[in-house]
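I opened this entry to keep track of what I looked up in one chain.

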Amino acid sequence: MEQKVILEKIYQKAKECPDKCCVLEKERRITYGQYWNAISRCAAYLAEEGIPKEMRVAVVSEQTAVFLMAVSAIHLAGAVVVPLEKNLSENRIIEIMELMDTPWVVGRNLSMPDKYFFIDFNNIDKFFEEYGSESQRWDFPQGNALADILFTTGTTGMPKGIQVTHFTNTAIAENVIDSVELAEDDVELIPTPINHSLGLRRYYGAMYRGSTIGIVDGVIYMEDFFEMLKKYKMTAVTLVPTMLSILLKFSKGRLGEFDHQLRFIQLGSAPISKEEQKELCSLLPNVRLYNTYGATEAGCSCILEFSRLQDKRFCIGRPTVNTAVGFVDDNGKVITATKDKPGCLFFEGPMTMAGYWKEPELTQKVLQDGKIFTNDIGYRGEDGYIYLLGRKDEVINSGGNKIAPVEVEETMLRCEKIEDCACIPVWDPVAGQIPKLYVVMKSGEELCQEELIRFLSERLEFFKIPKKIEQLDKLPRAYNGKLLRKELREREEKKNG
């Protein structure tokens with residue numbers, strides 16, 4: 001791993017290619033020279049305002065260049081960034097700031113109590129226009145210094161704060177570059193929330209590579225999304241699965257118009273269905289299509305180019321350049337996991353977190369000897385790729401037979417009458433657990449359990465066939481499309497007392 005922090009790479013690019021585009025918005029182009037100048041001036045302003053080194057600074061997200069510039073300026077000033085959701089209430093912001101032991105917050109048009117120090121985006125956006133000599137010379141942060149504290153949850157419940165150093169961000173940036181073969185002349189559109197780890201780390205990767213990013217606020221305003229693609233000749237896009245679903249459903253195949261312009265599309269934060277993989281491959285036969293696997297605790301750890309490897313079921317791809325992957329048994333012993341004897345996956349490498357903020361017991365449970373332990377059950381195939389069967393608490397143990405819920409779901413989704421589905425374990429007095437399936441029927445279709453069970457019986461082993469099928473109007477999913485199985489299990493437990 002190269003021992004340079006992200007800021008040093010931005011600075012170098014600004015000196016070497018000051019006129020190269022760095023960040024693109026719908027109505028604004030910002031060069032590397034302008035961007036570094038704004039970062040430097042903003043960092044000086046933050047220091048003058050009194051932000052101490054190593055202080056946590058909450059930054060309320062918005063999908064703009066000034067948000068990203070503020071993140072980098074806080075780093076340059078020697079402080080720590082705590083990115084927050086853009087729609088949090090002021091009470092919730094204060095609650096998280098108290099958790100972080102900080103009175104400092106950056107955002108737009110907030111009404112904070114007098115004991116807090118609020119810096120408005122409106123007052124620092126001007127640094128993009130004030131372009132001249134740097135106000136002062138800066139020492140770059142030490143690599144082992146804390147850079148970010150990222151939250152794993154949003155608006156309800158007290159979140160976990162994941163501590164990330166500058167060198168961890170460098171290692172993840174190298175993983176990002178390696179995963180999709182990011183080139184210096186790539187222009188990548190990021191509609192995903194840039195306060196979340198996926199979007200923020202795509203930004204870090206681009207800055208480290210010296211390429212260009214474009215920012216747009218999601219895909220709901222679809223014309224803005226396609227206008228950015230066309231206007232700036234974007235060569236890449238990063239999406240979460242829900243955004244892909246919206247584009248496929250409502251854009252009437254418009255993505256296909258960019259088949260010879262785009263080089264790659266990367267999806268992350270959650271798996272995508274096989275049907276949507278196939279549809280995207282059909283629309284963009286000349287584009288590299290990737291699904292990334294990782295965690296906020298260990299970023300961009302595995303990558304699958306599914307446009308080339310569509311036949312690999314349950315595969316999350318190869319480990320990225322700074323990532324080592326291994327497996328342990330139920331006793332925590334490192335094993336050679338196989339398809340017949342899978343184990344719990346762990347990550348090891350410089351891209352792992354430093355620990356959870358003020359959570360020493362949880363840190364000790366998850367992070368041991370530099371390894372991040374997950375609850376994902378899987379193995380390394382003979383082809384060298386990593387395969388996952390599901391989470392430890394989601395894999396169904398039915399009379400000693402292990403059932404991967406995703407296999408049942410993928411099979412059910414091949415039925416043309418099914419819009420969505422989810423498989424969970426339910427208690428059984430004989431087998432211990434049996435699979436139950438929740439389904440969302442397509443418009444105009446009616447549930448017929450016998451027909452669906454017959455469909456599955458023709459494609460799965462007998463012990464994998466759900467004994468119960470229940471219809472719902474929709475399934476609980478997170479913002480990124482990730483299925484919230486826990487809510488379904490809680491629903492089942494409540495119903496059965």
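My entries follow in the order I made them.

**Entry 1, the whole chain.** I noted at the start that this is a predicted model. I counted the secondary structure and got 14 helices and 27 strands. Next I looked up the extent: the C-alpha atoms fill a box of roughly 75 × 50 × 45 Å along the principal axes. I then checked the radius of gyration, which is 23 Å; this agrees with the value near 23 Å for a compact globule, because the chain has 497 residues.

What share of the 497 residues is buried? I found 57%. The accessible surface comes to about 22,100 Å², and I noted that carbon and sulfur atoms account for 47% of that surface. For contacts between residues at least 6 apart in sequence, I recorded that 67% join residues at least 24 apart.

I looked up 63 positive and 73 negative charges in the chain. Their mean positions are 3 Å apart.

I picked β4, residues 80–84, and asked how many of its five residues are buried. Five of the five are, so I wrote the strand down as largely enclosed by the rest of the structure. In a regular strand, side chains alternate between the two faces of the sheet. In β4, I saw Val80, Val82 and Leu84 point one way, while Val81 and Pro83 point the other way. The residues on both sides are buried.

I then looked for a partner of β4. Strand β3, residues 56–60, runs parallel to β4 and is joined to it by five bridges. For arginine 56, I noted valine 80 in β4 as the bridge partner.

Most residues other than glycine have a negative phi. I found glutamate 181 in the loop between α6 (166–180) and β9 (187–190).

I placed lysine 233 in the loop between α8 (222–231) and β11 (236–239). Its relative accessible area is 58%, so lysine 233 went down as exposed.

How values were computed:
Residues numbered from 1 in each chain as written. Predicted model: local features only at pLDDT ≥ 70, side-chain atom pairs only at ≥ 80, totals over all residues. Heavy atoms only, no water. Helix = DSSP H or I, 4+ residues; strand = E, 2+ residues; numbered from the N terminus. Rg over C-alpha atoms; globule rule 2.2 N^0.38 Å. Buried < 20%, exposed > 50% of the residue type's maximum accessible area, 1.4 Å probe, protein only. Contact = heavy atoms within 4.5 Å. Areas by Shrake-Rupley, 256 points an atom, 1.4 Å probe, with all protein chains shown as cover. Lys, Arg positive; Asp, Glu negative; His and termini not counted. Charge placed at Lys NZ, Arg CZ, Asp CG, Glu CD. Pairing = 2+ DSSP bridges.
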